[in-house]
Amino acid sequence: MKKVSVVIFALLLVCITSWAQRTEVMYVSGQDINDNVTWDFYCTEGRNSGKWTKIRVPSCWEMEGFGKYNYGHDANKGEEKGLYKTEFSLPKEWKGRRLYIVFEGSMTDTRIKVNGKQAGDIHQGAFYRFKREITDLVSYTGKNQLEVEVSKMSTNKSVNEAERSADFGVFGGIFRPVYIEAVPQKHIEYIAIDARHDGNITANIVLDKAYKEINASLELYHLKTHEKVGEVLSGKVSDKTITLSGHIVKALIYDSTPSRVP
């Protein structure tokens, strides 16, 4: 049986200004439960509540001895909140860049303050990454204070129905890593690729804001030989999104090696 060879692709962005700076990251939490950092913590209800103490981040506070254990089908769930505090210092080399604080996952409603000022809206929903810009809230001359308030139950009914009432345990807390992201003043927020087996490909490049003079191109290369197999040179610009789409004929290269079932 023949199989389609895999190709890789590269996106080249050209702007009237420089896009050369790299994104840099600094963790303020650990990177997993076995590589954690201790933050100050206060739980409002349940076990070990009503006092400031310490907690590992990332973690679920129930697993650290706080709050109330609940199952999704329980009628009377705990509605405790977790209050977190920690400090961080920034590299002076980051001055002039835009800064974001990134949460990989927090259950569930999450309010973020930096140096006493709220960073963006309250986030709702536990199981996906979110970030808030903190460029104008930070100082480079000393320590910055980060305060996070996490509510176990959401004020959004649909979030509770989807995440708090299902057939599994209900937990609260900052359960995935937290880090500061430093990006150039002008940068790509994210890229979405839709590559099909028939050679059709679409790429959406989402920028931090709309630009008047900008263009992008997409090039595809064979995974093994690194041969260039196609390109898309022109794109449609709508607000801050550049959409590239085309058909790559050479992407339909077949490998005659038989497939083997292990």
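This is a predicted model: local features need pLDDT of at least 70, side-chain atom pairs count only at pLDDT 80 or more; totals for chains, interfaces and linings use all residues.
Colleague: What is the mean pLDDT of the protein chain, and where is the pLDDT below 50?

Modeller: The pLDDT is the predictor's confidence in each residue, from 0 to 100, and its mean over the protein chain is 85, with 87% of the residues reaching 70 or more. Over residues 1-9 the pLDDT is below 50, and this stretch has 32 contacts beyond near neighbours in sequence, a contact being heavy atoms within 4.5 Å. Residues 13-18 also have pLDDT below 50, with 13 contacts in the model beyond near neighbours in sequence.

Colleague: What secondary structure does the protein chain have?

Modeller: The protein chain comes to one helix and 23 strands, where helices (H or I, at least four residues) and strands (E, at least two) are DSSP runs numbered from the N terminus.

Colleague: Why is Val 138 called buried?

Modeller: Buried means under 20% relative accessible area, exposed means over 50%, and partly exposed lies in between, using a 1.4 Å probe and protein chains only. The relative accessible area of Val 138 is 15%, and therefore Val 138 counts as buried. Val 138 is found in the loop between strand S12 (130-133) and strand S13 (144-151), and, leaving aside neighbours within four places in sequence, the residues in contact with Val 138 include Phe 88, Leu 90 and Val 114. The C-alpha atoms of Val 138 and Val 114 are separated by 7.0 Å, although the two are 24 residues apart along the chain.

Colleague: What makes Glu 104 and Arg 129 a salt bridge?

Modeller: A salt bridge requires a side-chain nitrogen of Lys or Arg within 4 Å of a carboxyl oxygen of Asp or Glu. The closest N and O atoms of Glu 104 and Arg 129 are 3.8 Å apart, so the pair meets that rule. The pair links distant parts of the chain, with Glu 104 in the loop between strand S8 (98-103) and strand S9 (106-107) and Arg 129 in the loop between strand S11 (117-118) and S12.

Colleague: Why is Glu 181 said to tie together separate parts of the sequence with Arg 129?

Modeller: Their side chains meet in a salt bridge at 3.5 Å, N to O. Glu 181 lies in strand S16 (residues 178-183) and Arg 129 in the loop between S11 and S12, so the pair ties together parts that are 52 residues apart in sequence. Glu 104, Arg 129, Lys 131 and Glu 181 are linked in a network of salt bridges.

Colleague: Are Glu 181 and Arg 129 buried or partly exposed?

Modeller: Glu 181 has a relative accessible area of 10% and is therefore buried, whereas Arg 129, at 39%, is partly exposed.

Colleague: How many disulfides are there, and by what rule?

Modeller: A disulfide is a pair of cysteine sulfur atoms within 2.5 Å, and by this rule the count comes to zero. Cys 43 has 1% relative accessibility and so counts as buried, and Cys 60, at 17%, counts as buried too.

Conventions:
Residues are numbered from 1 along each chain as its sequence is written. Side-chain values use heavy atoms; hydrogens and water are left out.
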